[in-house]
Amino acid sequence: MIKGGDTLKNKKKSIVAIVVVSATLIVVSLYTLFGRNFTMPENILKDSFQMVEYYLFKSPMENIRGIITKFNKLDDVYKENEILKEQLNRIAQVINENNVLKADIEELRALLGIEFLPSDYQSQIAVVMDRDIESWQSELVISLGRSNGLEEGMVVVNDKGMVGRVSVVGEATSTVTLLSTEKLKDQLPVMVRCEDGTYVYGILNGFDVQKQAYEVKLLSSTTTVQIGAEVSTSGYGGRSPRGILVGSVLMIDNRFDTNAPYIYVEPSVDYGAINYVSVVRRADTQ
């Protein structure tokens with residue numbers, strides 16, 4: 001009985017303490033709301049209750065929010081790791097398939113007596129030496145020339161894809177006409193990869209400044225061409241290797257000719273950041 005009575009008394013004391021604290025907080029809040037100046041004892045009391053409020057309520061809530069935020073971040077990292085694992089598995093599979101295909105190609109080339117394929121090429125690294133502000137979108141100068149075996153019409157690429165073609169060859173340097181030139185002097189034969197693995201062929205005529213995209217006239221219907229489809233060099237015309245990335249389909253325009261419409265291709269190259277390039281030569285043109 002004594003223990004039960006003590007427990008009841010403790011509960012009553014706790015209830016009273018909670019009521020007092022709550023009432024005091026309400027009074028302090030009302031005083032604050034109506035802008036009354038506090039006396040020194042009231043300020044001490046107010047500061048004391050603010051500390052109690054912070055350590056009993058605000059601080060634990062902030063800690064809980066921090067824990068929840070960290071948990072959500074860990075969950076995001078876990079999901080990203082799962083995506084990366086899946087991508088790595090796909091890359092490993094693609095590498096294995098490429099190795100098998102390369103072996104098959106070499107075997108077929110030996111069997112048929114083929115020395116070179118349109119996709120075979122050799123490359124030389126060059127430094128971008130000069131790029132005039134007035135011709136920023138149309139040309140640049142590189143550190144290779146006639147003494148390095150360069151010729152007009154050679155394709156110039158960087159790690160993102162095709163940049164342009166060699167247009168003027170000097171003894172030690174050369175000028176490259178960029179694919180971002182509005183009207184190209186020499187059209188570029190390209191191909192668009194369709195979802196079923198087939199290709200639609202076309203001609204890259206120049207660059208649309210407003211759309212910030214290449215203008216390509218297709219040589220056949222666009223029924224199988226999809227937005228986002230990969231565009232690369234076709235190798236036709238004998239001057240550029242086959243399969244060099246140019247960009248991806250941005251939009252399809254059927255306004256002029258429904259049988260042979262235009263497509264606009266988003267460049268794979270960032271023309272604002274070109275410092276190093278490779279000059280490539282088709283292996284069958286040596």
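Mentor: The questions below go from the overall fold to single residues.

Trainee: What pattern do the secondary structure elements follow along the sequence?

Mentor: This is a predicted model. Its secondary structure comes to 2 helices and 12 strands. Read along the sequence, these elements give the pattern α-α-β-β-β-β-β-β-β-β-β-β-β-β.

Trainee: What share of the residues in the protein is buried?

Mentor: The criterion is a relative accessible area under 20%. Applied to the 286 residues of the protein, it gives a buried share of 30%.

Trainee: Which elements give two or more residues to the lining of the second largest pocket?

Mentor: The second largest pocket has a volume of about 250 Å³. Its lining comprises 13 residues, and those nearest the centre are Val 166, Ser 167, Thr 177, Lys 185 and Asp 186. The elements that contribute two or more lining residues are strand E4 (161-169) and strand E6 (183-193).

Trainee: How many charged residues are in the lining of that second largest pocket?

Mentor: Sorted by class, the lining of the second largest pocket has 4 nonpolar and 4 polar residues. The number of charged residues there is 5.

Trainee: How many residues apart in sequence are the parts that Arg 146 and Glu 171 tie together?

Mentor: A search of the whole structure finds 3 salt bridges, and the side chains of Arg 146 and Glu 171 form one with an N to O distance of 3.5 Å. Arg 146 lies in the loop between strand E2 (139-142) and strand E3 (155-158), while Glu 171 lies in the loop between E4 and strand E5 (174-178), so the parts they tie together are apart in sequence by 25 residues.

Trainee: Is Arg 146 buried or partly exposed?

Mentor: A residue is buried under 20% relative accessible area and exposed over 50%. The relative accessibility of Arg 146 is 47%, so this residue counts as partly exposed.

Trainee: Which residue meets Glu 151 in a salt bridge?

Mentor: Glu 151 is partly exposed, with a relative accessible area of 45%. The N to O distance in its salt bridge is 3.8 Å. Glu 151 lies in the loop between E2 and E3 and its partner in strand E12 (residues 276-282), so the pair ties together parts that are 130 residues apart in sequence. That partner is Arg 281.

Trainee: Which residue forms a salt bridge with Asp 208?

Mentor: Asp 208 has a relative accessible area of 17% and is therefore buried. The closest N and O atoms of the pair are 3.9 Å apart, within the 4 Å limit for a salt bridge. The partner, partly exposed at 31%, is Lys 211.

Trainee: What is the phi value of Gln 212?

Mentor: Most residues other than glycine have a negative phi. Gln 212 lies in the loop between strand E7 (199-208) and strand E8 (213-218), and its relative accessibility of 43% makes it partly exposed. Its phi is positive, near 55°.

Trainee: What distance separates the C-alpha atoms of Tyr 236 and Leu 188?

Mentor: Tyr 236 lies in the loop between strand E9 (230-233) and strand E10 (245-253). Tyr 236 is partly exposed, with a relative accessible area of 48%. Along the chain, Tyr 236 and Leu 188 are 48 residues apart, and their C-alpha atoms are separated by 8.8 Å.

Trainee: Is Pro 241 buried or exposed?

Mentor: Pro 241 is found in the loop between E9 and E10. Pro 241 and Met 154 are 87 residues apart in sequence, with a C-alpha to C-alpha distance of 9.5 Å. The relative accessibility of Pro 241 is 1%, so this residue counts as buried.

Terms used. Residues are numbered from 1 along each chain as its sequence is written. This is a predicted model: local features need pLDDT of at least 70, side-chain atom pairs count only at pLDDT 80 or more; totals for chains, interfaces and linings use all residues. Side-chain values use heavy atoms; hydrogens and water are left out. On a 1 Å grid over the protein atoms alone, a cavity is a set of points where a 1.4 Å probe fits but cannot get out, and a pocket is an open set with protein on both sides within 12 Å along at least five of seven lines; lining residues have an atom within 4 Å of a point. Grid points are joined across faces, edges and corners, and a volume is the space filled by probe spheres set on the points. Helices (H or I, at least four residues) and strands (E, at least two) are DSSP runs, numbered from the N terminus. Ala, Val, Leu, Ile, Met, Phe, Trp, Tyr, Cys and Pro count as nonpolar, Asp, Glu, Lys and Arg as charged, and the others, Gly among them, as polar. Buried means under 20% relative accessible area, exposed over 50%, partly exposed in between (1.4 Å probe, protein chains only).
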